[in-house]
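Hi,

Here's the structure I said I'd pass along.

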Amino acid sequence: MTIPRRRVENGGLLLFLLLISVALVAVVSTFLGALLWAALAALLFQPLYHRLLKRWPDRRNMAAAVTLLIITVAVVIPALIVGSLVVDQAAGVYTQIRGGQINFATYFQQVHDALPERLQRLVDSSGFNSFERAQAQLSAAVSNSASTLTRRALSIGANAAAFLLAFGVGLYVTFFLLRDGDRIGPAVVRALPLEPAVAAKLADKFVAVVRATIKGSGVVAIVQGALGAVTFWIVGLPAALLWGILMAIAALLPAVGPAIIWAPVALYLFATGAIWQAVVVILSGVLVIGLADNILRPILVGRDTGIPDWLVLVTTLGGIDLVGLSGIVVGPLVGALFITGWQVLTEQRAAQRSVDDTPSPSGEGRGGASPSHRDQRAWGDAPPQPLL
């Protein structure tokens with residue numbers, strides 16, 4: 001077989017694999033979210049599966065089934081219960097907004113009136129002179145957000161059959177990924193059209209980012225959201241669980257964090273005369289909620305993912321906007337693989353330059369002459385001749 005024919009056949013095979021991969025994605029596009037979370041769950045709970053497999057060495061199906069049962073009882077069922085409670089509270093808040101029992105314009109007017117007169121004039125002269133219009137727009141925005149949340153909740157209920165089907169597919173796939181993950185993972189890495197060292201490095205970065213995002217950021221966000229919900233319940237804030245969920249979502253964003261939720265609440269409580277409630281919210285936000293990240297993250301995340309905070313923020317927001325809730329993991333993962341890929345390319349180029357610049361044992365580089373001789377010829381000077 002000639003070399004050109006072999007190249008054509010290899011190119012044809014790569015083209016076929018690309019087309020059939022796109023076709024496969026199109027076929028399973030309905031279940032992409034379920035497949036993604038199944039892969040993430042299998043990756044995260046793989047150590048638990050191996051522990052059970054050590055107890056039952058030759059019973060892989062049983063170990064995978066017990067691991068799946070633990071995932072369902074410890075993660076899935078509590079998430080569904082909390083989700084239903086949040087939907088109920090969101091629907092209640094929306095009903096109160098429509099009925100006039102909750103008027104955000106009034107609340108913000110109270111905060112505005114509680115400011116010192118000099119600060120009030122500064123606020124009014126800084127583009128907020130039409131303060132009532134801003135209040136109305138903000139109230140309408142919050143109302144529309146609650147309405148959107150309620151409609152999505154109703155749409156989930158209307159598409160219960162599709163949701164249950166995707167949920168069942170996710171659990172089914174998780175079982176096989178748990179059972180056969182130690183064979184599927186290495187096979188995928190070997191099949192990548194990359195150098196083995198590069199493929200292994202990208203695979204390690206993939207695992208590190210997924211575990212850091214879910215086990216680290218995810219668990220820390222849940223803890224901070226729960227602490228926020230308890231704090232809001234103590235001070236008597238309505239829909240405390242809903243505010244706690246919003247705080248958990250905000251906790252996933254670096255440089256912003258849960259303070260974007262509890263700080264405005266504390267400011268409002270101060271402005272309306274609820275002094276001890278505001279003090280409780282501030283103390284809880286700084287001493288309890290804020291320290292939870294510093295204490296739990298080093299315990300849950302064994303190694304740094306090497307992603308700058310600003311990139312995590314941008315990729316998380318962009319991922320959520322692109323693929324919804326799955327973007328919490330997909331966004332930082334894409335950012336981490338982007339950085340790792342460019343690092344690998346930089347290292348390879350640096351290694352190639354070092355090889356090109358290394359002189360041979362005869363004193364000549366790969367170009368056939370030493371660097372000094374190349375410089376001399378470049379300037380038009382001949383090398384010195386021997387005297388004898």
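Below is what turned up on the salt bridges, a pocket and the nonpolar core.

Just keep in mind that this is a predicted model.

Salt bridges first: a search of the whole structure finds four. One of them joins the side chains of Arg60 and Asp182, at 3.1 Å from N to O. That pair links distant parts of the chain, with Arg60 in helix H4 and Asp182 in helix H8, 122 residues apart. Arg60 is partly exposed at 23% relative accessibility, and Asp182 is partly exposed too, at 33%.

Glu347 pairs up with Lys201, their closest N and O atoms being 3.2 Å apart. Glu347 sits in helix H14 and Lys201 in helix H9, so this bridge ties together parts 146 residues apart in sequence. Asp180 is buried, with a relative accessible area of 13%.

On to the second largest pocket, which has a volume of about 1,300 Å³. It's lined by 32 residues, and Ala39, Ile184, Gly185, Val188 and Phe206 lie nearest its centre. Helix H8 gives the most to the lining, with nine residues. By class, the lining has 25 nonpolar, four polar and three charged residues.

Last, the largest nonpolar core has 14 residues. Helices H10, H11 and H12 each give two or more residues to this core, and H11 gives the most, with five. Trp262 is among the residues with the most contacts inside the core; it touches Phe232, Met247 and Val281, among others.

Cheers

Conventions:
Residues numbered from 1 in each chain as written. Predicted model: local features only at pLDDT ≥ 70, side-chain atom pairs only at ≥ 80, totals over all residues. Heavy atoms only, no water. Core = buried A, V, L, I, M, F, W, Y, C linked by side-chain atoms within 4.5 Å. Buried < 20%, exposed > 50% of the residue type's maximum accessible area, 1.4 Å probe, protein only. Helix = DSSP H or I, 4+ residues; strand = E, 2+ residues; numbered from the N terminus. Contact = heavy atoms within 4.5 Å. 1 Å grid on protein atoms, 1.4 Å probe; cavity = no way out; pocket = protein on both sides within 12 Å on 5 of 7 lines; lining within 4 Å. Points joined across faces, edges and corners; volume = space filled by probe spheres on them. Nonpolar A, V, L, I, M, F, W, Y, C, P; charged D, E, K, R; others polar. Lists of a residue's contacts leave out its neighbours within four places in sequence.
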